[in-house]
Amino acid sequence: MARARERLRAFVARIPRPGRRRSRQRHQLRTGLLPTDSAIHPYARALGLVTLVLVGAWLGLLIVGAVRAPVGPMDTTMTLRPSLSGGTKINVSPLGALELDSHAAPIRLDVDVDRLDPVRSQALVEHPERLSGLQQEVADDVRDGSRELAWRSCVAVVSGATALGLAVYRRPRRALAAGGLALALLAASGASAYATWNPKSVLEPKFSGLLSSAPSVVGNARSIVTEFDVYQKELARLVTNVTKLYDATSTLPVYQPDPGTVRVLHVSDIHLNPAAWHIIGSLVEQYKIDVIIDSGDTMDHGSTAENAFLDPIPDLGAPYVWVRGNHDSPATQRYLQGLKNVHVLDEGRAVTVSGLRVAGTGDPQFTPDRTTVPGGDPAERMAGIRLASALRDQRRAGTPVDIAVAHNPVAARETDGVVPLALAGHVHHRENEQLPLGTRLKIEGSTGGGGLRAVQNEEPEQVRASVLYLDRGTRALQAWDEITLGGLGLTTAEVSRHLVATPPPRSGPSSPPRSPAP
C-alpha cells in the first residue's frame, strides 16, 4: 500500500496545473522568452537577429544616412549603401554613372554630383589666383565629407537597428543589443573596405548611360590617371569657362543693319554642349535674330536619353530651322518635330520663315549605329542630288528657295546653281566658298566647341557661330559676322565682319531681280 501511494503522488505531481502554467507564461513574457522560443533552434534565433539588424541598418542609412557636401565649386551628396560587391558609384546626371571597383566590402559608396554652384564658380572667375589651390580645396572637402559621412552612418545604422529591435522585441535590452551588433557590422565593413582599398581602380572604370562612350570620348582612362595634373588643371579652368563665355557674349559689338534686313543665326555641331543654348540665346537677344538655322549634329549619340537636351530650343527667342546630322538619329528628329517653334527639314522639304524660303535635307548616314555600313561620300552626293531636284521643283512651282541646308558639305555642293546660298557644317571649321555655278557655300564650325569630344583634342576647339544679314526684299546676302569664342580653357571673343560686294544672281527666269548690296 505504501508503494502504491507513492506512485500515485508522483503521478499527480506530474499533472500540469493551470495556475502554475500561467505563472510560467507571465515570467516568460517578462523575460522576453515566448513560449515557442524553446522550440526555436539557437541558430534560427541568431539568423533572425542578424536579419533584423541588417534591415534596420539599411532603413537608417536610407532615411538619415546621406550627407550633402561641397566639393570645390560642386554640390554633392554622399551616401553608404548595402552591397554584395562593394565599390564606388559616381552619378553624374544627366550623363550617366561611373563605377569603380575600389574595395571589397558589404557597403558601397554613392556620390551624386548635384549641381555646379554659381556663387563659388563666380568667385573662381573673379579671383583666378584661387585656381592654384583648387586641388587642395577639393581634397580637403572630400576628406571633410567622408568624415561627416562616417559619423552620420554610424548614427544611422545604430538608430535604425535599435528602433526596429525595439518595435519587434519590445525589450530595451534586446534593442540595444541589435544596435550594438549593427555598429559592430559597420565597423567590420569599414575595416574590410580599408583592407581591400584599391586606389588603381580608377584605371578600369565601368561607364553606364551616356557615359558608356566615355573611353572613346575623353580618351583612355589610364592616360587620365598618368596625366592627372594636366586634367585637373583643365577641369579647374573649365569651371570658370562657362561663366566667362556668358560675359563675353554680353559685350559683343552689335551690327546696325538696315531695318529691312533679315538676321539669320547659323549654328552647327553643338554636340550635346549645354552651354551652347546660353550662347545662342545671348546672340539672339544681342543681334535681334529673326531665325536660327542649325545644320545638324546637335546630339552626340542620337539616343532617346539625350532628347531632354533639346528642351531649351523653344525658349531661344526665334524660330529654329533644323536638319539632321550624322550624329542625330531618327528618334532625335521625331522629338524635335514635336517641339514648338521648330521646323525640321528633310528630303527637300521647304518652309517660309521670316520672309525667307528655306529647304533642307537630313544626313543619310547615322554613324553611331555600328550595325550598318557607312555609305560615305556617295551617299552624301545622292542626298544632295535629291535636294537639288526638290529645289528645282520649288522654282518651277514659283516658290524659289533662298537658302538650302545640309549637314555635310558634300551634299550641299550638289545644290550649286539652283539656290543662292547653301549652309552646312560637319567639319568643325569654317569655310566660305563661291561654287562654279554661283551658289555661295558657307560651312560653319562647331557652336558647341566640339561638345564632349573637345577634351580629346590637344588644342581647345573654339565655339563658332555666324550672323547672316539678308535683304528682306531680294533675300540677297549682304554681309555676315563670324563670331568666335574661346573653347575649353579659353575665354576670348572675336567678331569679324564680311561684306558681299556683288551677290550672286538667282538662276532661272522666275527669280526676282536682286539689287546690289551696299
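The structure is a predicted model, in which local features need pLDDT of at least 70 and side-chain atom pairs count only at pLDDT 80 or more, whereas totals for chains, interfaces and linings use all residues. Residues are numbered from 1 along each chain as its sequence is written, and side-chain values use heavy atoms, with hydrogens and water left out.

The chain contains 13 helices and 19 strands, these being DSSP runs numbered from the N terminus (H or I, at least four residues, for helices; E, at least two, for strands). Of its 518 residues, 45% are buried, where buried means under 20% relative accessible area, computed with a 1.4 Å probe and protein chains only. Among contacts (heavy atoms within 4.5 Å) with a separation of 6 or more, 62% join residues 24 or more positions apart.

In soluble globular proteins, nonpolar side chains tend to be buried together. A nonpolar core is here a set of buried Ala, Val, Leu, Ile, Met, Phe, Trp, Tyr and Cys residues joined through side-chain atoms within 4.5 Å. The largest such core has 32 residues, of which Leu265, Ile280, Ile292 and Tyr320 touch the most other members. At least two residues of this core are supplied by each of β7, α10, β9, β10, β17 and β18, and α10 gives the largest share, seven residues. A second, separate core of 20 residues includes Val264, Leu421, Leu423 and Trp480.

Val467 lies in strand β17 and is buried, with a relative accessible area of 0%. Although 204 residues separate Val467 from Arg263 in sequence, their C-alpha atoms are 6.6 Å apart in space. Beyond residues up to four places away in sequence, the contacts of Val467 include Val264, Leu265, Trp480 and Ile483.

Helices α3 (residues 42–64) and α6 (residues 172–195) have axes that come within 9 Å and cross at roughly 70°, the axes being lines fitted to C-alpha atoms over the stretch in contact, with angles from 0 to 180 degrees between N-to-C directions. The two helices are therefore roughly perpendicular to each other, a term that covers angles of 65 to 115 degrees. Leu49, Val50, Leu52, Val53 and Leu54 in α3 meet Ala178, Leu181, Ala182 and Leu185 in α6, and by class this contact has nine nonpolar, no polar and no charged residues.

How values were computed. Buried means under 20% relative accessible area, exposed over 50%, partly exposed in between (1.4 Å probe, protein chains only). Angles under 35 degrees count as roughly parallel, over 145 as roughly antiparallel, 65 to 115 as roughly perpendicular and the rest as oblique. Ala, Val, Leu, Ile, Met, Phe, Trp, Tyr, Cys and Pro count as nonpolar, Asp, Glu, Lys and Arg as charged, and the others, Gly among them, as polar.
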